[in-house]
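Here is my note on this entry, written as numbered points. Please keep the sequence and the 3D view open while reading.

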2 protein chains.
Amino acid sequence: MNDEIPTPAQRLGEIGLTNFAPYLMNRIMGRYNASLRADLSEMGLTTPKMRALAVLSVIDGPLIRELAVYTVTDPSTLSRALDQLQADGLVRRETDAADSRATRVFITDPGRALFEEMWPHMAMAQARMFRGIPEEERRAFVGTLQKMLANIRKHEI
Amino acid sequence: MNDEIPTPAQRLGEIGLTNFAPYLMNRIMGRYNASLRADLSEMGLTTPKMRALAVLSVIDGPLIRELAVYTVTDPSTLSRALDQLQADGLVRRETDAADSRATRVFITDPGRALFEEMWPHMAMAQARMFRGIPEEERRAFVGTLQKMLANIRKHEI
DNA sequence: AAGTGATATTTGCAAATGCATTTAAATCTG
DNA sequence: CAGATTTAAATGCATTTGCAAATATCACTT
């Protein structure tokens with residue numbers, strides 16, 4: 001049997017850093033996330049807490065396991081972030097009716113109110129990213145992202 | 001004066017998570033980075049070390065400050081990652097000729113050899129991301145990313 | 001040219017992270 | 001249906017991270 005990893009067709013030097021999509025995406029998201037963190041740390045929000053609130057504003061009562069996928073956060077890290085959000089009355093945990101191992105998370109009214117404060121920062125950071133890019137190009141870009149997400153998705157979520 | 005943040009035109013719920021580009025990009029890069037870390041941790045590589053080697057394989061002798069931007073790594077974290085790479089003989093630090101505050105970093109032959117081992121994993125993870133996406137669509141996607149990077153770039157790098 | 005402020009890197013340290021383990025409950029298997 | 005296996009979430013703990021401060025050097029000002 002052959003354990004060798006196949007040699008890629010091209011080298012990174014040939015492609016060039018600025019044509020290598022993962023490099024560009026890490027650069028862009030690095031700054032997006034850093035800028036958001038700087039904006040929102042004064043509200044006492046870390047990246048996991050901010051993401052949890054954002055997802056919960058849209059998806060009602062997911063399992064913690066699902067929320068971990070949506071927020072791209074390790075379950076243990078998310079567990080601790082939820083502790084803090086719960087202590088501040090921003091979310092509420094509730095044991096799942098059908099499976100008592102599992103816990104669902106719900107955003108509270110104060111949580112929703114805080115998200116309303118966060119959202120302009122998120123929307124603005126996104127608008128800055130897309131500045132000068134025509135609507136049609138943006139739509140095509142998001143369409144490609146959706147295909148990519150489907151490709152890399154391990155679970156059904 | 002008006003300190004209010006302008007209300008965004010749309011709410012996140014209206015856009016939908018899966019149409020919000022930063023959400024999709026974080027999901028995709030989260031998995032790309034996690035998968036790469038899992039592959040490369042057995043080589044003793046962390047994300048900052050891996051990124052430093054990858055960038056240094058293409059850009060020769062950048063300042064540490066520049067490398068921090070390219071690798072999307074905090075300078076203090078990068079400094080410690082370079083300590084480790086240097087201890088393993090994979091990179092070499094050299095004081096800049098014109099500015100003795102500044103340090104340039106060079107990849108060594110063993111470092112380049114290690115990068116050659118890493119690269120197939122990176123190339124494969126990228127190929128997986130783009131599976132089933134036609135060449136022209138990929139090119140358009142990368143073109144949009146380049147515009148976005150120009151938008152969010154703070155410095156001239 | 002001395003003094004002031006800015007810049008490049010490193011170090012100290014508290015907080016955050018993520019892996020491994022634990023606990024509890026569900027599901028599978030013979 | 002008892003025992004073994006899997007799954008969900010939380011916790012212990014060592015490592016990593018990133019902000020703030022320290023150090024060293026440079027650039028600018030008068």
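**Notes on the structure**

1. Start with the surface near DNA strand D. At least two residues each are supplied to this surface by α4 and α5 of chain A and by α3 (47-56) and α5 of chain B. Helices here are DSSP runs (H or I, at least four residues), strands are runs of E (at least two), and both are numbered from the N terminus. The largest share, 5 residues, comes from α5(A).

2. A word on the source. This is a predicted model: local features need pLDDT of at least 70, side-chain atom pairs count only at pLDDT 80 or more, and totals for chains, interfaces and linings use all residues. Residues are numbered from 1 along each chain as its sequence is written, while chains are lettered from A and ligands numbered from 1 in the order in which they are written.

3. Which residues come nearest to DNA strand D? Of the 22 around it, they are R65(A), S76(A), S79(A), A102(A) and S76(B).

4. Now DNA strand C. It has 22 residues around it, and S76(A), I64(B), R65(B), S76(B) and S79(B) come nearest. The largest share of this surface, 5 residues, is from α5(B). Its residues split into 6 nonpolar, 8 polar and 8 charged.

5. Next, the two protein copies. Chain B superposes on chain A by a rotation of 180° with 0.0 Å of shift along the axis, at an RMSD of 0.0 Å. That is the relation of a two-fold axis. In chain B, F141(B) comes closest to the rotation axis, with its C-alpha at 2.9 Å. The same surface serves both copies: 100% of the contact residues of chain B recur in chain A. Contact means C-beta atoms, placed from the backbone, within 7 Å.

6. From the N terminus the order is α-α-α-α-α-β-β-α-α. The C-alpha trace spans about 55 × 50 × 25 Å along its principal axes.

7. How much of chain A is buried? Of its 157 residues, 34% count as buried. Buried means 20 or more other C-beta atoms within 10 Å of the residue's own, exposed means 12 or fewer, and partly exposed is in between, with C-beta atoms placed from the backbone.

8. Check L53(B). Leaving aside neighbours within four places in sequence, L53(B) contacts L90(B), I107(B), G111(B), L114(B), F115(B) and M118(B).

9. Finally, G61(A). It sits in the loop between α3 (47-56) and α4 (64-71) of chain A. Why is G61(A) called partly exposed? Because it has 15 other C-beta atoms within 10 Å. Beyond neighbours within four places in sequence, G61(A) is in contact with R104(A), V105(A) and F106(A). The C-alpha atoms of G61(A) and I107(A) are separated by 7.8 Å, though these residues are 46 apart along the chain.

Definitions and conventions:
Least-squares fit on C-alpha atoms with pLDDT ≥ 70 in both. Contact = placed C-beta atoms within 7 Å. Near = placed C-beta within 6 Å. Nonpolar A, V, L, I, M, F, W, Y, C, P; charged D, E, K, R; others polar.
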